[in-house]
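This briefing is for a reader new to the structure. It covers aromatic contacts and pockets.

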Amino acid sequence: MRRKFLAFAFVIAFVHAGCGADNSTANSAPPNSPTKTSTLESKIMKIRLKVENKVMAATLIESKTSRDFISLLPLTLTMNDLFHREKFAHLPRAISEEGKRTHSYEVGQMVYWSPGPDVAIFYRNDGEKIPNPGIIVIGKIDSGVAALDVAGSVKVTIELHDEQ
C-alpha cells in the first residue's frame, strides 16, 4: 500500500510540475525585437573562392574553428588533390579544434584536418571514412564545387565575401 501511495504521489508531483511550467516568456518579445533566428542570420559568414576564372561562394558555420579560419583571410593556397575526392592545402598556422569531429563528409564541405594543419574541400564522395582524429566541418560551398574536380593541383584564392 505504501508503494502505491509513493508512486501515486510521484505521478501527481510530476504532472503538477509539467502543468505548472512557466511559458509566459515564450511569446512576450515585442513584434520587431531581434529573435534567435535573426541573431543566427547575422552570424552567417560568407567567403569567396577563386579558381582561375571560376568563382565559388561558400557559407561558413558559426564556430570558433570557422572564426579562426576567417582570421587567416585573404589566403592564396595551392590545393593538392587527394584520392580524387578532395583538394587540400596546408594552412599557415593551426586553428581552433573546438568543433565537432566527424569521420564522414558530403560533397561541397569545407573541413579542417588538424594534424596538417590543413583545409580541405570535398568535390566527390567515394564512400570512404575519414581516419582519426576525423575532420571538423567549417562550411559548405554554395555552388560551383565542380571547379575543383580537375586533375592535379589548383591555386585557390579565398577571401571574405563583399556582401556580409
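A pocket is an open set of grid points with protein on both sides within 12 Å along at least five of seven lines, and its lining residues have an atom within 4 Å of a point. Strands are DSSP runs of at least two residues, numbered from the N terminus. The model described here is predicted.

**Largest pocket**

- The volume of the largest pocket is about 210 Å³.
- Its lining is made up of 15 residues, and L82, R85, E86, W113 and I130 are the closest to the pocket centre.
- Strand β7 gives the largest share of this lining, with three residues.
- At least two lining residues come from each of β4 (86-90), β6 and β7.
- By residue type, the lining of the largest pocket has 10 nonpolar and five charged residues, and no polar ones.

**Aromatic pair**

- One aromatic pair is present in the structure.
- The pair consists of Y105 and F122, which are stacked, with 4.0 Å from centre to centre and 15° between the planes.
- Y105 sits in the loop between β5 (101-102) and β6 (109-113), while F122 belongs to strand β7 (residues 118-122), so the pair links parts that are 17 residues apart in sequence.

**Burial of the two rings' residues**

- Y105 counts as buried because its relative accessibility is 7%, and the cut-off for buried is under 20%.
- F122 also counts as buried, with a relative accessibility of 1%.

Terms used. Residues are numbered from 1 along each chain as its sequence is written. This is a predicted model: local features need pLDDT of at least 70, side-chain atom pairs count only at pLDDT 80 or more; totals for chains, interfaces and linings use all residues. Side-chain values use heavy atoms; hydrogens and water are left out. Rings of Phe, Tyr and Trp (its six-membered ring) pair if their centres lie within 6.5 Å; planes under 30 degrees apart count as stacked, over 60 as edge-to-face and the rest as tilted. Helices (H or I, at least four residues) and strands (E, at least two) are DSSP runs, numbered from the N terminus. Buried means under 20% relative accessible area, exposed over 50%, partly exposed in between (1.4 Å probe, protein chains only). On a 1 Å grid over the protein atoms alone, a cavity is a set of points where a 1.4 Å probe fits but cannot get out, and a pocket is an open set with protein on both sides within 12 Å along at least five of seven lines; lining residues have an atom within 4 Å of a point. Grid points are joined across faces, edges and corners, and a volume is the space filled by probe spheres set on the points. Ala, Val, Leu, Ile, Met, Phe, Trp, Tyr, Cys and Pro count as nonpolar, Asp, Glu, Lys and Arg as charged, and the others, Gly among them, as polar.
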